Amino acid sequence: MDYYSKPKDISALDAKLEAQKIAFSPIAFQAVMTLLRTDILKYLSDTGEQGATAKQLAEQSKISEYGVKVLLDMAASMGVVWIENDDTFRLDKIGHFIVNDKLTLANINFTQDVCYQGMFHLEEAIRSGKPSGLKVFGDWPTIYPALTSLPDNVKKSWFEFDHFYSDHSFPEVLPIIFEDKPNCILDVGGNTGKWTLACLNFDTDVHMAIMDLPQQLTVLQGNVAEQGMSERIEVHPTDLLAADAQFYQGADVIWMSQFLDCFSQEQILDILKGAVNVMTQDTSLFIMETYCDRQRYEAATYCINATSLYFTALANGDSRMYHSGDFIKLIQKAGLYVEKDIDDIGLGHTLFKCRKNMRITD
Ligand SMILES: C[S@@+](CC[C@H](N)C(=O)[O-])C[C@H]1O[C@@H](n2cnc3c(N)ncnc32)[C@H](O)[C@@H]1O
């Protein structure tokens, strides 16, 4: 991870350019967003090598030629488009990823719809340890009880962002989770039921118990009912931060995907201890997370570090995408050990298979 742990080897001139990109980044971002939502970038993608003039783009997008030019000059400064013979706009490589790459689109829509306005309150959130940006949507302690009541576009972008990452990993990890042929899997933070449904379809004998906040479980039950598998699930509406929260007992496998990053280190420790209480020596606890220090690509670390600040400003004020070492310490402190540690799952997930440390008695 040289890009992360060494000083940047660039000239002063380039460093100054990079500093300007940061200084104007919200303006650059909104320019790209407008070019996307007016379909100008899509049109340039479709026209390929031919490109299009400002006049053609203005007619196509129903905005003024002034609007097209002012946006595309900025886009040319960002390498999103380039200008051929002074009058024809052509999509450049960065623009190609903005229009066509599903990862970039999930991230852009999440930033615009969920994060953009709330991030203005980041400093307040950092100082207070509270998700101060969440007030742009209403009065909630964290984003989780709010999820099902957020405006439709916000909800859509939140779920698409969340699902995009887990969807790529679920098919890869299913065979690992089912290696020991579990009868019952506890899905903690089951959300809309994507994992639960993946398990029910993967093994027609397995039963699922799901814990989450009541709002999410209502959606999950509807999704499972649509596939006619309601009799193979049981839901346990629980706020796992409540002092009297109890883990469901009797599962052979406990599954936590993109769940523990929703909590502070103290909360993670309490939740893991709650899980350990219902585990026997035969229970496996699988934790799937993205860690900033376990990424193969610089782009992945960039996304993860940005996502951490969404947690700060909007989600809960005190959680993040963790460093794997900090996480392993919490796992061990809770009375577990890591039996398997697998990196590079999907788009950068790491899977820990944990067991109860039977030598710890207190
Ligand atoms: C980021 S989503 C992860 C969803 C899913 N497991 C996945 O991999 O895509 C986190 C889930 O944890 C749930 N959650 C957050 N805080 C919770 C709490 N205090 N008690 C129970 N569930 C909670 C949320 O409702 C949400 O469904």
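A: The sheet in question is an open one of three strands in the order 1-3-2, with antiparallel pairing. Strands here are DSSP runs of E with at least two residues, numbered from the N terminus, and two strands pair if DSSP finds at least two bridges between them. Strand 1 (52-53) and strand 2 (81-84) stand at the edges with a single partner strand each, so one side of each has no neighbour in the sheet. Strands of a sheet pair through backbone hydrogen bonds, either parallel or antiparallel.

The model is a predicted one, in which local features need pLDDT of at least 70, side-chain atom pairs count only at pLDDT 80 or more, and totals for chains, interfaces and linings use all residues. Residues are numbered from 1 along each chain as its sequence is written.

Consider the pairing of strand 2 with strand 3 (residues 88-91): the two run antiparallel and are joined by four bridges. Within this pair, Val81 stands opposite Leu91 of strand 3, while Glu84 faces Thr88 of strand 3. The two strands form a hairpin with three residues between them. In that turn, Asn85 has a positive phi of about 50 degrees.

Strand 3 also pairs with strand 1, again in the antiparallel sense, over two bridges. Here Ala52 stands opposite Phe89 in strand 3.

The side chains of strand 3 deserve attention as well. In a regular strand the side chains alternate between the two faces of the sheet. For strand 3, Phe89 and Leu91 make up the covered face, whereas Thr88 and Arg90 belong to the uncovered one.

The secondary structure comes to 15 helices and ten strands, where helices are DSSP runs of H or I with at least four residues. The radius of gyration, taken over C-alpha atoms, is 23 Å, close to the 21 Å that the globule rule (2.2 Å times the number of residues to the power 0.38) gives for 362 residues, so the chain is as compact as a globular protein of that length. The C-alpha atoms fill a box of roughly 75 × 50 × 40 Å along the principal axes. The domain assignment, whose bounds come from an automatic or database source, gives domain 1 (2-100) and domain 2 (162-299 + 315-356). The centres of these two domains, taken over C-alpha atoms, are 40 Å apart.

Methods: Buried ≥ 20, exposed ≤ 12 C-beta atoms within 10 Å, placed from the backbone.
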